[in-house]
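Please have a look at the structure first.

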Amino acid sequence: MSRDHILHRVRTALGRSAGQAAADPLPARIRVPEVAMEARIASMRTRIEALAGKTHRVSTPAEACAIVAAALQGKSAVTSNAPFLTECGITGLPGVRSGITRREELRALCTTVDIGITSADYALGDTGTLVMLASPQEARMVSLLPPAHIAVVPCERILTGLDELFTVLPMPAEQSSSMVLITGPSRTADIEQILVRGVHGPGQITVIIVG
């Protein structure tokens, strides 16, 4: 069947003729629900833990630092350059490498350390998703290459969901080369429908919500 014949059948099914201009796209249907912060936090924790992730809720950056320090016992880690991690004191913990700006050095570290530690630009309460905008502050490798990922997130960055995200950030491509959405540990069931974690990224994820 020729290409022209296939396209003719598609146009006929759509009620259009050759050369006819496409109709204007429908307006975006975005609805941002009103959800209290405590409800967003509770939903986020429930969703992450339902996917075998771990969560902690703390009041202060110092408490977040203490949880990270406990997780680092006998392990090595690299942090992103997110200012909030420095504010928490995490970049100064023993066994933590931070402030890496050279891509080759960061890649080598991320392939050898036990834990990658980041913050997050946003989080989505309805799905337990971390939103990471690639930048010098949040290099993608830190959240993707090490076998375990710890994200330390201020509670004020938790949005209700995708609709609110695209209200706050309508054109992500204008601010970042990529936007990564992380929902729970990496997992796949492509082979014989057997669930395997850690195939495409960290097999363990811990989210610490601060505030």
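## About the model

This is a predicted model, in which local features need pLDDT of at least 70 and side-chain atom pairs count only at pLDDT 80 or more, while totals for chains, interfaces and linings use all residues. Residues are numbered from 1 along each chain as its sequence is written, and side-chain values use heavy atoms, with hydrogens and water left out.

## Helix H5

Helices (H or I, at least four residues) and strands (E, at least two) are DSSP runs, numbered from the N terminus. Helix H5 spans residues 103-110, and its Leu106, Leu109 and Cys110 are buried (under 20% relative accessible area, with a 1.4 Å probe and protein chains only). Seen down the axis of H5, these buried residues fall within an arc of 95° (taken from the directions from the helix axis to the C-beta atoms), so they line one face of the helix.

The buried residues of H5 pack against strand S2 (77-79), strand S3 (96-97) and helix H6 (140-144), where contact means heavy atoms within 4.5 Å.

## Cysteines

How many disulfides does a search of the whole structure find? The search returns zero, a disulfide being a pair of cysteine sulfur atoms within 2.5 Å. For Cys65, the closest cysteine sulfur is in Cys88, 7.3 Å away, which is too far for a bond.

Cys65 counts as buried, at 13% relative accessibility. Cys88 also counts as buried, at 4% relative accessibility.

## A charge over a ring

Arg157 lies over the face of Phe84, at 5.8 Å from the ring centre. The rule asks for NZ of Lys or CZ of Arg within 6 Å of the ring centre and within 35 degrees of the ring normal.

Methods. Buried means under 20% relative accessible area, exposed over 50%, partly exposed in between (1.4 Å probe, protein chains only).
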